[in-house]
Amino acid sequence: MMRLQKFMAMAGVASRRQSEKLIEAGKVKVNGHVVKEMGMKIDEKRDTIHVQGKRVFINEDKLYYMLNKPRGYVSTVNDEKNRKTIMELVPDEERLYPVGRLDQNTSGILLLTNDGDLTYRLTHPKHEVTKKYVIKVKPIPSKEKLSELRKGGDIGVYSIAPCEIRLRRFDEEENTGTYEVTISEGKNRQVRNMFEYIGCEVVTLKRIAIGELTLKGLRLGKSRKLTPDEIVYVKKLAGI
Ligand code: URA
């Protein structure tokens, strides 16, 4: 048994709050009857639910995870060089695949799923999902060099679109700068290449967000299932 709005969110109809609005608006039927009362419990195995005339189901076969990837793991299912892979860090390794990749020495948020359509769409260049990184570089780059990167254009290996770069902190003694970089493309080693192009060595690189999804509370090396609302959100990001 579960609440109707939770069922709707798990079925990918809309977030819980939006599902409540659909219920209020009389757009939801349980076993053929419009239900407007909030918090009704349904039996997901026996009841039939229609939203705006369409039957909706929870698809138990689809898995959606987020991982806080540590450095030193490669983002592949099998590695021919026998390096440690991210699959050692997720529970259902038989069925999960990474959505895109992070370099071996990059840490941070990585999605994994067996929903091939979602992977295809989220990694397709035309979707331009924003991704946020924190990068520490040495030496501290000049303001001019950073403006150059912000504007986009040729960085030697390829051209990049304009991006956002914000200073987080300097360490004058170490001669390092830490920046928050937001890009909406995912070219191979893009953030590293950007800073290497302006003469910096990359000390650490971590991805902290994919769209509005963040690692909040998820410890390094740990994974968790996405919540129903997060699944709705990533599907929306992918245009599904
Ligand atoms: N940019 C990089 O340079 N590396 C990553 O892993 C991701 C983005």
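**Entry 1: α5**

I count a residue as buried when its relative accessible area is under 20%. I am working from a predicted model. With that cut-off I looked at helix α5 and found it mostly covered, with six of its eight residues buried. I wrote down the buried ones: Gln-190, Val-191, Arg-192, Asn-193, Met-194 and Phe-195. I then checked what comes just after α5, and there Gly-199 has a positive phi of about 85°.

**Entry 2: the chain as a whole**

I stepped back to the whole chain. The chain holds six helices and 17 strands. I noted that 43% of its 240 residues count as buried. The C-alpha trace spans about 65 × 40 × 30 Å along its principal axes.

**Entry 3: the ligand**

Where does the ligand sit? I found the ligand in the largest pocket. I listed the residues around the ligand: Leu-102, Asp-103, Thr-106, Tyr-133, Arg-189, Gln-190, Val-191, Arg-192 and Leu-205. Which element gives the most to this shell? It is α5, with three residues.

A nitrogen atom of the ligand lies 2.7 Å from an N or O atom in the side chain of Asp-103. An oxygen atom of the ligand is 3.2 Å from a polar side-chain atom of Thr-106. With Arg-192 the backbone is involved: one of its polar backbone atoms is 2.9 Å from an oxygen atom of the ligand. On its own the ligand has 240 Å² of accessible area, and the protein covers 95% of it.

**Entry 4: Glu-185**

I moved to Glu-185, which is in the loop between β14 (176-183) and α5 (190-197). Is Glu-185 buried or exposed? Its relative accessible area is 18%, so it counts as buried, since the cut-off is 20%.

I looked for partners of its side chain. A polar atom of that side chain lies 2.8 Å from the backbone nitrogen of Ala-161. The side chains of Glu-185 and Gln-190 are joined by a polar contact of 3.1 Å. Gln-190 is also one of the residues around the ligand. Leaving aside neighbours within four places in sequence, I have Glu-185 in contact with Lys-131, Ile-160, Ala-161 and Gln-190.

**Entry 5: Asn-68**

I found Asn-68 in strand β7. With a relative accessible area of 3%, Asn-68 is buried. A polar atom of its side chain is 2.9 Å from the backbone oxygen of Leu-218. I listed its contacts beyond the neighbours within four places in sequence; among them are Gly-108, Lys-206, Leu-215, Leu-218 and Arg-219.

**Entry 6: Glu-88**

Glu-88 is in the loop between β7 (64-69) and β8 (97-98). I have its relative accessibility at 53%, so Glu-88 counts as exposed, the cut-off being over 50%.

**Entry 7: backbone angles**

I reminded myself that most residues other than glycine have a negative phi, and that most peptide bonds are trans. I then looked up the exceptions in this chain that I had marked.

Asn-31 has a positive phi, near 50°, and is not a glycine. I placed Asn-31 in the loop between β2 (28-30) and β3 (33-34). Its relative accessible area is 40%, so it is partly exposed.

Gln-52 is not a glycine either, and its phi is positive at about 50°. I found Gln-52 in the loop between β5 (49-51) and β6 (54-55). At 54% relative accessibility, Gln-52 counts as exposed.

Which residues does a cis peptide bond join? They are Lys-138 and Pro-139, with omega about -5°. Pro-139 is in the loop between β10 (131-138) and α4 (143-151).

Notes: Residues are numbered from 1 along each chain as its sequence is written. This is a predicted model: local features need pLDDT of at least 70, side-chain atom pairs count only at pLDDT 80 or more; totals for chains, interfaces and linings use all residues. Side-chain values use heavy atoms; hydrogens and water are left out. Helices (H or I, at least four residues) and strands (E, at least two) are DSSP runs, numbered from the N terminus. Buried means under 20% relative accessible area, exposed over 50%, partly exposed in between (1.4 Å probe, protein chains only). A polar contact is a pair of N or O atoms within 3.5 Å; within protein, one must be able to donate a hydrogen and the other to accept it, and residues adjacent in sequence count only if both atoms are side-chain atoms. Contact means heavy atoms within 4.5 Å. A residue is near a molecule or strand if one of its heavy atoms lies within 4 Å of it. Accessible areas come from the Shrake-Rupley method with a 1.4 Å probe; for residues, only the protein chains shown count as cover. On a 1 Å grid over the protein atoms alone, a cavity is a set of points where a 1.4 Å probe fits but cannot get out, and a pocket is an open set with protein on both sides within 12 Å along at least five of seven lines; lining residues have an atom within 4 Å of a point. A molecule sits in a cavity or pocket if more than half of its atoms lie within 2 Å of its grid points.
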